[in-house]
Amino acid sequence: MLKTVANFDRIGEENAFAVLARANALAAQGRDIISLGIGQPDFRTPEFIVEAAIKALRDGHHGYTAANGILPLREAVAADLHKRYGVEVSPDSVMIMPGGKPTMFMSILMFGEPGVEILYPDPGFPIYRSMIEYTGATPVPVPIREENGFAFSADETLKLITPKTRLLIVNSPANPTGGVTPKSEVDKLVVGLEKWPDVAIMSDEIYDHMVYDGEKHVCLLSYPSIRDRLILLNGWSKTYAMTGWRLGYAIFPGKLYDYARKLAVNLHSCVNASAQFAGLAALTGPQDEVWKMIAEFDKRRGVVVAGLNKLPGVSCITPKGAFYAFPNIKGTGWKAKELANTLLNETGVVTIGGPDFGILGEGYLRLSYANSTENILKALERMGDFLATRKAA
Ligand code: PLP
């Protein structure tokens, strides 16, 4: 028997990938599948970004780069954050990462160990809890409630902090709910956090461009009182339709930056050089395609919410960000994961059961509206026919 460490028995997964594999297998058998499952834009990476990567390869950028990323890209990230949020960020605190996930992986590794507590949103991105459990720290779910528009409640979050708390993970706009935490609530949360100077904060802002109804994203970097313990997670995956490029960035404060740099040296050496040049082109080039894509998501948001609210036993509040709807399906009588599985098997519509995002996800499905309006309408029709005829077991 191989003797491996116990941590690996505790590591979780992201079920969206398993569902994607199942849906692909069904499609390969000739089934007509409509995917509202995986969270990635259904758009191509803008052509000028692809060209920049090709040019980088032709220009001979074939070698390792510095572990923290090429300087022009770190400067471009700092300039972009300054332009969009008016915040001062030193390029020396920007770490180029192979996607958004490695930032949560590294941050949780830096703070998690047995005997400490890490707060994370529930429902929330499943990797937070998975990594917390991996480190042996105690995962403390922060309830994210429909009645709050799936925003963080500052009061409820602050009440969960104890002397054992090392790290608080926040995410807005949020996966899986599309919830956006309003500025008033973020202000209150930050004031409360000032009383807990030993608690680090990791703010996952990977959907920061995707905020609708004329609202503005609140970037946690704009709160000076927490800057010395704030880790920012962001990247190119969602904004520039670049999920497969594996390109993200983090802002790490103080000594955490060097920890992250060392982890990078130990783990991946550096991010693919041509992807870094693509990321540079993305940030410094025209943003029209980004805004076109987001306007399209906004339109589909209206279609998916209106359609869901017509389904028997289903209600859906209007998500204010990202590209997810999180309908309440309690009135159907179905358990969420059973409904998601049966919908896939019997109608070919791919959704994700809410419990894949935490205990409080029971009674909800996640639908990604990163699919064409035509397909969204077809999926809603199939779901409607199914719910009208099939009762929960
Ligand atoms: N954070 C959130 C909230 C996400 O939804 C995702 C991807 O779905 C990520 C981070 C990871 O992004 P990446 O694909 O760049 O690793």
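Helices here are DSSP runs of H or I with at least four residues, strands are DSSP runs of E with at least two, and both are numbered from the N terminus. This is a predicted model, where local features need pLDDT of at least 70, side-chain atom pairs count only at pLDDT 80 or more, and totals for chains, interfaces and linings use all residues. Residues are numbered from 1 along each chain as its sequence is written, and side-chain values use heavy atoms, without hydrogens and water.

I start with the sheet. Seven strands make an open, mixed sheet, ordered β2-β8-β7-β6-β5-β3-β4; two strands count as paired if DSSP finds at least two bridges between them. At the edges are β2 (94–97) and β4 (138–143), each pairing on one side only. From one strand to the next, the twist averages 20°. Strands β6 and β7 run parallel and are joined by four bridges. S203 is opposite L232 in β7.

Helix α4, residues 71–85, lies across β2, β7 and β8, at about 115° to β2. Contact means heavy atoms within 4.5 Å. Axes are lines fitted to C-alpha atoms, for helices over the stretch in contact, with angles from 0 to 180 degrees between N-to-C directions.

Now the backbone exceptions. Most peptide bonds are trans, and most residues other than glycine have a negative phi. The bond from D122 to P123 is cis, omega near 0°, and P123 sits in the loop between β3 (117–122) and α6 (126–135). S172 and P173 are also joined by a cis bond, omega about -15°; P173 is in the loop between β5 (165–171) and α8 (183–193). D213 has a positive phi, near 60°, in the loop between β6 (200–204) and β7 (230–235).
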